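Hi there,

Here is the structure I promised to pass on to you. Have a look through it first, and then read my notes below.

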Amino acid sequence: MTNPQQELAEIKSMMQRSSKFLSLSGSSGIWIGLLACIATALAYYWIYYPNAPWETVTMEQLHPSIVLHMILLAFAVAIISLFFAYRLTKKRSKVSSENLWSPSSRRFLSALFFPMAIGGFMCLGRLWTQDYESLASLMLIFYGLGLVNASYFTLGEIKYLGFAQIILGLLAMIFPSFGLILWALGFGICHIFYGGLIHYKYDR
């Protein structure tokens with residue numbers, strides 16, 4: 001005879017799977033975080049070498065070629081990160097027998113990318129006006145808003161990653177000279193910590 005509590009648990013699990021996309025890969029968070037740390041180290045070298053490592057350098061003082069390299073690096077990191085996220089999430093969805101392109105995953109993606117798209121247009125506007133110092137804060141804040149918004153359609157832990165990004169983005173807005181370091185903390189260290197947590201809790 002089936003245990004009623006077990007039946008309720010199975011029904012709850014089925015309802016959750018139908019309404020939430022649960023195949024996010026913790027490994028993708030780790031790889032994205034490592035990639036962000038490498039990109040930050042490269043950008044830091046471009047900006048500060050051979051100057052003192054903690055010397056205050058504004059974006060207006062940088063050579064235009066360095067600014068262009070950093071913009072291209074940011075786009076490259078975004079593209080490679082999306083590739084990692086797609087491939088590893090697809091692999092995990094096969095293991096968990098969850099459809100990668102389902103109503104729940106579409107709700108998750110639309111909730112995630114709508115705030116990020118707005119933030120992307122704002123970043124393009126800042127690039128057009130050469131207001132480079134606000135880019136790190138805008139990227140962190142709108143990415144965080146996207147994560148918080150998407151947390152209602154996936155693993156609840158992603159909400160706390162979103163809050164961390166927003167807080168770091170606000171700090172980057174107040175202290176723009178530390179924008180690169182705060183960007184590394186948000187997209188690098190926080191992603192590695194989050195990815196490790198998800199991998200330990202769900203992927204093993």
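**What I found**

Leaving out residues up to four places away in sequence, Ser28 touches Phe84, Ala85 and Leu88, where contact means heavy atoms within 4.5 Å. Ser28 sits in helix α2 (residues 26-48), and its relative accessibility of 6% makes it buried. Buried stands for under 20% relative accessible area, exposed for over 50%, and partly exposed for what lies in between, with a 1.4 Å probe and protein chains only.

Before going further, please keep in mind that this is a predicted model: local features need pLDDT of at least 70, side-chain atom pairs count only at pLDDT 80 or more, and totals for chains, interfaces and linings use all residues. Residues are numbered from 1 along each chain as its sequence is written, and side-chain values use heavy atoms, with hydrogens and water left out.

**The overall build**

The chain has seven helices and zero strands. Both kinds of element are DSSP runs numbered from the N terminus: helices are H or I with at least four residues, strands E with at least two. Of the 204 residues, 39% are buried. Taking contacts between residues at least 6 apart in sequence, 76% join residues at least 24 apart. The chain exposes about 12,300 Å², and carbon and sulfur atoms supply 71% of that; accessible areas come from the Shrake-Rupley method with a 1.4 Å probe, and for residues only the protein chains shown count as cover.

Ser151 belongs to the loop between α5 and α6 and is buried, at 7% relative accessibility. Apart from neighbours within four places in sequence, Ser151 is in contact with Gly156, Ile158 and Lys159.

**The nonpolar patch**

Ile167, Leu170, Leu171, Met173, Ile174, Phe175, Phe178, Ile181, Leu185 and Ile189 make a nonpolar surface patch of about 900 Å². Patches are made of residues with over 30% relative accessible area and no salt bridge; like charges are joined within 9 Å, and nonpolar side chains (Val, Leu, Ile, Met, Phe, Trp, Tyr) within 5 Å. Helices α6 (158-174) and α7 (179-203) each supply at least two of the patch residues, and α6 gives the largest share, five residues. Phe178 lies in the loop between α6 and α7 and is partly exposed, with a relative accessible area of 42%.

**One salt bridge**

The structure holds one salt bridge, meaning a side-chain nitrogen of Lys or Arg within 4 Å of a carboxyl oxygen of Asp or Glu. The pair is Asp131 and Arg126, with the closest N and O atoms 3.3 Å apart. Asp131 is partly exposed at 30% relative accessibility, and Arg126 is partly exposed with a relative accessible area of 30%.

**What the record says**

An unreviewed UniProt entry lists residues 21-46, 66-88, 108-129, 135-155 and 167-194 under "transmembrane region". In the model, residues 108-129 are 95% helix and 0% strand, with end C-alpha atoms 33 Å apart. Residues 167-194 are 86% helix and 0% strand, with end C-alpha atoms 16 Å apart.

Best wishes

How values were computed:
UniProt positions are given in the numbering used here, feature names are shortened, and annotations may be inferred rather than shown by experiment.
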